[in-house]
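Open your viewer and get the selection tool ready. We will hop from one stop to the next, with a short note on what to look for at each.

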Amino acid sequence: MSDYLAKINGIDDLKRLKGSQLKELAAEIREFLLNNISETGGHLASNLGTVELTIALHHYLNSPTDKIIWDVGHQAYTHKILTGRKDCFANLRQKDGLSGYPKCTESPHDIIGAGHSSTSISAAVGLAMARENLNQMGDIYAVIGDGALTGGMAFEALNHAGHIGADINVILNDNEMSISNNVGAISNYLSTLRNDPKLKRVKEDIEFLINKIPRFGNTVSNTVERVKSALKYSFIQGVLFEEFGFNYLGPVDGHNIIELMKHFKQAETIDGPVLLHVITKKGKGYPPAEKNPDRFHGVGAFNIADGSSRKTKSKASYSKIFGETLSRLAAEDKKIAGITAAMPSGTGMEIFAQSFPERYYDVGIAEQHAVTMSTGLARGGMKPVCAIYSTFLQRAYDQVIHDAAIQNLDLTLAVDRAGIVGNDGETHQGLFDYSFLRPIPNLVMMAARDAEQLQHMLFTAVNYKGPAVLRYPRGAAAGDYIPHQIADLKKLEIGKAEELIKVESEMDLTILAIGSTVYPAQKAARILNENGHKTALIDARFVKPLDEEMIIRAIKNSNNVITVEEQVLAGGFSSAVLELAADRGVTLKNIKRIGVGDEFVSQGGMEEMKEEYQLDGRGILENALSLLAPAEEVNKLWPEKKD
């Protein structure tokens, strides 16, 4: 094999290659991606699918004067390789390493940072406006996948761009996938364009004939225009985009570099917005990823030979437990429906879908629609359970307030990946949901500490009269997972906390923990009690409503209080405790709040980042002893760095 990649340290090196050399470079980059991602983990299938497209873009354009905006950004690894970051891939998605997404602080070629979908066209329109107002130079290209195109924001941007005639180029990277298979009318429409080779030839013939039809007088002219419109809607590809005001080009083979650059050149000759429809294959060049692109969307370290994971999973994930428990509930209750926004595998909803396809709804990347559709299901008499990652629920905030809470409808929001999520970094951390959901009237919000509690909480939420939120973290569930039958499940008393270590009079310390922080707090409390520090532990279970009486009693009977939450401190669980004490006129003698301060949490392993923010057992112990004992006692009681 050639060794072109070794000589590429920037865009200028790429531009020296021509023709077949570029094709060989693409093969080298695929090998490079496989070798590196198999070690570090990362987004594999999406990046294997955009190698040639990225090479063509950077060979034809002059970045960063010409601006390339990557929607979501999980397909931008080749972009990073070609823009001088090839040698950083050993630290991809590691703490202080190369981000898995475009990041403006990382390179001037990363024009817009991204991690969520459907944003690129809006950013491109804004850049085009700035270019016009400031008399700047450069072309603007937004690369958006067909999955991201299902997001409403993308259509808002298409509508505006067409209305103002923004001089931008939108590349629709059509690989028939987002993370799982795409759904909906847009997906079906693109499939028609993609799969009917006759349409392209017919389009050219019809356009030729239309242009030959003369105009004679108003009556005849109106008739001719109706004929033209009928022909256009019957035969011309891309009519949807053309009705938005875009000039449609394609479809074009997204793995043919020369053909792609010809179309870029054609787009340059057209004034106003252009949409170039590019067909790619997710996972291209690696058979396991081509066969199962959803499984190879985001991967940990794996064996290249067969695609098998190097990590052995010994415990069930919270997402799996959620999916299995929901399925057991739905078997007994015909009103339960499951909704997801293009994340069936990530949320565990695919388990529900296999058993109850008639009550399962994947709405595509459309969190706002998912929540409001759930309210419609609820108003119609169903019991909708809408599973969305915490970071993506941010996109549906108005719907939670306006459509769910104000109307006080019976639905469940299952908030997956809540807390620190690890290597995807700032854009994906689920650290704000306590804060943005807690102020909403009518909402009940609970957080599971382990596999056992998750099952009872889901049962409670589904049967609660009103909107209920169930929060749980990413990864393997704490505690033992024993699947409960419906008869064994119990409704929790709303707003009732649980004393895991009883509050007595004159406690040295009470730890108020919730959700994922309960188990590490329990370890710390046990060590403190074993060493003479009288410590109580309360699992709050509910962020809203709080168990006011238990918490006030604990505060009054404790010389010191620690709150622990895997989320930002501002407006979260600890804020609720402080507000409660202030409202009741109760003085807190000494309080420590453990959580995330006024900052975005960067990428890194989950345990690594929990340790950094003192959310592990040792961190909680250190904070406790800072109130109770000299600093040197920490190493005596907890000699190991990690719990």
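Begin by selecting helix α24: its buried residues pack against α20 (433-437), β15 (509-513), α23 (548-556), β18 (561-568) and β19 (591-596). Contact here means heavy atoms within 4.5 Å. Helices (H or I, at least four residues) and strands (E, at least two) are DSSP runs, numbered from the N terminus.

A word on what you are viewing: this is a predicted model, in which local features need pLDDT of at least 70 and side-chain atom pairs count only at pLDDT 80 or more, while totals for chains, interfaces and linings use all residues. Residues are numbered from 1 along each chain as its sequence is written, and side-chain values use heavy atoms, with hydrogens and water left out.

Stay with α24 and colour F573, S574, S575, A576, V577, L580 and A581, the buried residues of this helix. Buried means under 20% relative accessible area, exposed over 50%, and partly exposed in between (1.4 Å probe, protein chains only). The helix covers residues 573-584, and its 12 residues reach 17 Å from first C-alpha to last, close to the 16 Å expected at 1.5 Å a residue; that expected span is 1.5 Å times one less than the number of residues.

Next, select the seven strands of an open, mixed sheet, in the order β9-β8-β10-β11-β13-β12-β17. Two strands pair if DSSP finds at least two bridges between them. β9 (360-362) and β17 (542-544) are the edges, each with a single partner strand, so one side of each has no neighbour in the sheet. Neighbouring strands are turned by 20 degrees against each other on average, direction ignored.

Zoom in on β12 (residues 444-447), which runs antiparallel to β17 and is joined to that strand by two bridges. Pick M446 and you will find its bridge partner, F542, in β17. Axes are lines fitted to C-alpha atoms, for helices over the stretch in contact, and angles run from 0 to 180 degrees between N-to-C directions.

Now move to strand β2 (residues 67-70). Which of its faces are covered? Both: K67 and I69 on one side, and I68 and W70 on the other, are all buried. Four bridges join β2 to the parallel strand β3 (residues 140-145), where A142 is the bridge partner of I69.
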